[in-house]
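Biologist: I have a model open and want to learn how to read it. Please take me through it feature by feature.

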Amino acid sequence: MTHDSPDRTPLSLLGLGAMGTALARAWLAAGHPVTVWNRTSARAEALAAEGAKVAGTPAQAVAANTLVVVCLLDDRSVGEVLAGTDLTGRDLVDLTTGTPAEARDRAAWAGRRGARYLDGGIMAVPPMIGVPGSGGYVLYSSSPDLFDRYRRALGVPAGTAFVGADPGFAALYDVALLSAMYGMFAGVTHAFALIRQEDVDPVAFAPLLADWLVAMTASVQDTAERLRGGDHTEGVVSTLAMQVAGTPTFLRTAEQQGVSAELLRPCFELMRRRLDEGGGAEGLSGLVDLLAR
């Protein structure tokens, strides 16, 4: 098998932070010829011992291969690193975390520079990269043809999911999923804070909390179906009015336990606003429309 075969696509990788280094090692381990560049050259040199070619400049890295992957600090860094570099004929895959608007602007920027563009949002932490079954994956959007061309190579470090031809969709999905994650983390943090000063073993409490959160994930699909259908009231078991009536108990409990309620109050305030607007018979899905106005 030659290095130009679809299974061993040569690529250049710019950016060797913790994530970039993990990506490089996964591709090298799979036999892909990898040219690397990093602003701090020591990180690139460390990968040379594992078979990577080290480019002295971003331009040299870009010139080395058609497939060019960037994994930098932010979108501004991408523009700075690639400023003045000839991107004509290159396939640019941007795995830098950014906003949907930044991804759309970067796609247009790449097009003006003669490059094809694919945006990616990494749903993983570095230890998950290159580990089969870790659950990590990368969201991709922009060019379906480009995604299909490099699907096998892109699937080496982590699973892949193409989410649309709009260049901003990978970033949008990325931030939406991570936002839900942080909302869950906020709830978990508050739950552990409530038991912190009691004679409760957090390790013994954890399985109950985890199982409860898993059970509640059924509400995700329910919310999606209500948003698609536009009816926030049909079949609702626990109405917004009932839930708002119960919120003082949560606040009193936090006060009595000496715990700040600052992680709960914003959600409770939104619930009260929706109730005041006449949404008492709804479930919580109506809060989506309140936020998205």
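Biologist: Which kind of link do the side chains of aspartate 222 and arginine 226 meet in?

Modeller: First, the ground rules. This is a predicted model: local features need pLDDT of at least 70, side-chain atom pairs count only at pLDDT 80 or more, and totals for chains, interfaces and linings use all residues. Residues are numbered from 1 along each chain as its sequence is written, and side-chain values use heavy atoms, with hydrogens and water left out. Now the link. A salt bridge is a side-chain nitrogen of Lys or Arg within 4 Å of a carboxyl oxygen of Asp or Glu. Aspartate 222 and arginine 226 form one, at 3.0 Å from N to O. Both sit in helix 9 (residues 218-229), 4 residues apart, about one turn of the helix. Helices (H or I, at least four residues) and strands (E, at least two) are DSSP runs, numbered from the N terminus.

Biologist: Does aspartate 222 count as buried, partly exposed or exposed?

Modeller: Buried means under 20% relative accessible area, exposed means over 50%, and partly exposed is in between (1.4 Å probe, protein chains only). Aspartate 222 has 35%, so it counts as partly exposed. Arginine 226 has 11%, so it counts as buried.

Biologist: How many salt bridges are there by this rule?

Modeller: The count comes to 10. One of them pairs aspartate 75 with arginine 106, with the closest N and O atoms 3.0 Å apart. Aspartate 75 lies in helix 4 (residues 75-82) and arginine 106 in helix 5 (residues 100-112), so this pair ties together parts 31 residues apart in sequence. Both residues are buried.

Biologist: Which residue forms a salt bridge with arginine 116?

Modeller: Aspartate 91 does, with the closest N and O atoms 2.3 Å apart. Arginine 116 is in strand 6 and aspartate 91 in strand 5 (residues 91-94), so parts 25 residues apart in sequence are tied together. Arginine 116 is partly exposed, at 39% relative accessible area. Aspartate 91 is buried, at 0%. Salt bridges that share partners join Asp91, Arg116 and Arg149 into one network.

Biologist: How many residues has the largest nonpolar core?

Modeller: A nonpolar core is a set of buried Ala, Val, Leu, Ile, Met, Phe, Trp, Tyr and Cys residues joined through side-chain atoms within 4.5 Å. The largest here has 31 residues; Leu13, Leu23 and Ile122 are among those with the most contacts inside it. Helix 1 supplies the largest share of this core, 7 residues. Another core, of 18 residues, lies apart from it and includes Ala61 and Trp109.

Biologist: Where does glutamate 282 lie?

Modeller: Glutamate 282 is in the loop between helix 11 (265-276) and helix 12 (286-291). It counts as buried, at 11% relative accessibility.

Biologist: Which residues is threonine 247 in contact with, leaving aside its neighbours within four places in sequence?

Modeller: Contact means heavy atoms within 4.5 Å. For threonine 247, the partners beyond those neighbours are Phe268 and Met271. Threonine 247 belongs to helix 10 (residues 240-256). Threonine 247 and phenylalanine 268 are 21 residues apart in sequence and 7.0 Å apart in space, C-alpha to C-alpha.
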